[in-house]
Amino acid sequence: MSNAANPAPNHQGMSLSSWGILLLLSLLWGGSFFFNGVAIQELPVFTIVFGRVFFAAILLMIFMKFKGIPFPREGSILLAFLFMGFINNFIPFSLIVAGQAHISSGLASVLNATTPLFTAVVAHFATTDPTERLGPKRIVGILLGITGVAILLSPKIGSVGFSADEIMGQLAILGAGLAYGIAVVFGRRFGRLGISPVATATGQVTATSILMLPVMMYVDRPWEFLSSVSIEASLAILGIALFSTAIAYILYFELIKTAGATNASLVTLIIPVSAMMLGVL
């Protein structure tokens, strides 16, 4: 991550349009917890993750072709896409789906709200951008945000203790938050290189599909169960691919480019609200 230490463009805080993107992202990514909750009832972890990134990659490639957006072919950029796909998709998507096999979507979204804290710490040590420095106000603000989300959802997630499986599920979601924190800082470089948010989103989900395919085939053996998958689970995979991945990542990389890494990660503080609403519905 040595290149991430170079100063980024002058990020100017959160404009009105940035707040709008943040709110829309919270709905799209809040939906991912709902879609995962439906799909995990019938499909194994790696099959869900592969379906999510594979169909998202196809949709984004069609969109790029339609809009005439060129796809980067430089070796260094393709390697960056591979790393971004691994740290921003392969690891956290797998951990979140695995975690949701043992805990509710509401609790998963609350634990995922620790992402801004991880992002702020990583950005503080991995960049020299003064807008990303970790000061007392930023620390207090992030902790207050996480606390507020937890308080609002405490009646729903409260429990008299957790089983071993539930604890492992919670640790998996926290691990995903750390991976996202590293990824959001690493993702700053694509904007500096002049790569469009659409091309960045397409590159990383395509790379993740390539990484995930052999793992999914070896571990899940999908040919043994795909013929019996319900329409609900199939629609959940398509929904998470279109809304929570393809469209969401275009907005996400645009937000990183215009508002900075830590500001972009604040979306996870709002996601629990939409995740809970969709879960109840």
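# Reading a helical model: a dialogue

Modeller: Helix 2 gives the most to the nonpolar patch, with 4 residues. This is a predicted model, in which local features need pLDDT of at least 70 and side-chain atom pairs count only at pLDDT 80 or more, while totals for chains, interfaces and linings use all residues. Residues are numbered from 1 along each chain as its sequence is written, and side-chain values use heavy atoms, with hydrogens and water left out.

Colleague: How many helices and strands does the protein have?

Modeller: Helices (H or I, at least four residues) and strands (E, at least two) are DSSP runs, numbered from the N terminus. Here the count is 12 helices and 0 strands. From the N terminus on, the order of elements reads α-α-α-α-α-α-α-α-α-α-α-α.

Colleague: What makes up the nonpolar surface patch?

Modeller: A patch is built from residues with over 30% relative accessible area and no salt bridge; like charges are joined within 9 Å, and nonpolar side chains (Val, Leu, Ile, Met, Phe, Trp, Tyr) within 5 Å. The salt bridge in that rule is a side-chain nitrogen of Lys or Arg within 4 Å of a carboxyl oxygen of Asp or Glu. Areas come from the Shrake-Rupley method with a 1.4 Å probe, and for residues only the protein chains shown count as cover. In this structure Phe54, Phe55, Ile58, Ile62, Ile231, Leu235 and Leu238 make a patch of about 630 Å². Helix 2 (45-67) and helix 10 each supply at least two of the patch residues. Leu238 is in helix 10.

Colleague: Is Leu238 buried or exposed, or in between?

Modeller: Buried means under 20% relative accessible area and exposed over 50%, with partly exposed in between (1.4 Å probe, protein chains only). Leu238 has 42%, so it is partly exposed. Phe54, at 34%, is partly exposed, and Phe55, at 33%, is partly exposed too. For the protein as a whole, 51% of the 281 residues count as buried. The accessible surface comes to about 12,800 Å², and 72% of this belongs to carbon and sulfur atoms.

Colleague: Which residues does Leu242 touch?

Modeller: A contact means heavy atoms within 4.5 Å. Leu242 sits in helix 10 (residues 231-259) and touches Leu59 and Ile247, not counting residues up to four places away in sequence. Leu242 is partly exposed at 31%. Leu242 and Val53 are 189 residues apart in sequence, yet their C-alpha atoms are 9.4 Å apart in space. Ser26, in helix 1, is buried at 4%. Neighbours within four places aside, Ser26 is in contact with Val267, Ile270, Ile271 and Ser274. Of the contacts in the protein with a separation of 6 or more, 91% are between residues 24 or more positions apart.

Colleague: How many aromatic pairs are there?

Modeller: A pair of aromatic rings is described by the distance of the centres and the angle of the planes. Rings of Phe, Tyr and Trp (its six-membered ring) pair if their centres lie within 6.5 Å; planes under 30 degrees apart are stacked, over 60 edge-to-face, and the rest tilted. The structure has 14 such pairs. Trp29 and Tyr249 form an edge-to-face pair, at 5.8 Å centre to centre and 75° between the planes. This pair links distant parts of the chain, since Trp29 is in helix 1 (residues 16-39) and Tyr249 in helix 10, 220 residues apart. Trp29 is buried at 11%, and Tyr249 is buried at 1%. Phe54 and Phe55 have ring centres 5.4 Å apart and planes at 70°, so they are edge-to-face.

Colleague: Which residues do ring pairs link into a cluster?

Modeller: The cluster holds Trp29, Phe71, Phe81, Phe83, Phe186, Phe190, Tyr249, Tyr252 and Phe253.

Colleague: Which residue lies over the face of Phe93?

Modeller: A charge sits over a ring if NZ of Lys or CZ of Arg is within 6 Å of the ring centre and within 35 degrees of the ring normal. Arg52 lies over the face of Phe93, 3.7 Å from the ring centre.

Colleague: Where does a salt bridge occur?

Modeller: The structure holds 1 salt bridge. The side chains of Arg221 and Glu224 meet in it, at 2.7 Å, N to O. Glu224 is exposed at 51%, whereas Arg221 is partly exposed at 39%. Arg221 is in the loop between helix 9 (197-220) and helix 10. Its phi is near 50°, a positive value in a residue other than glycine.
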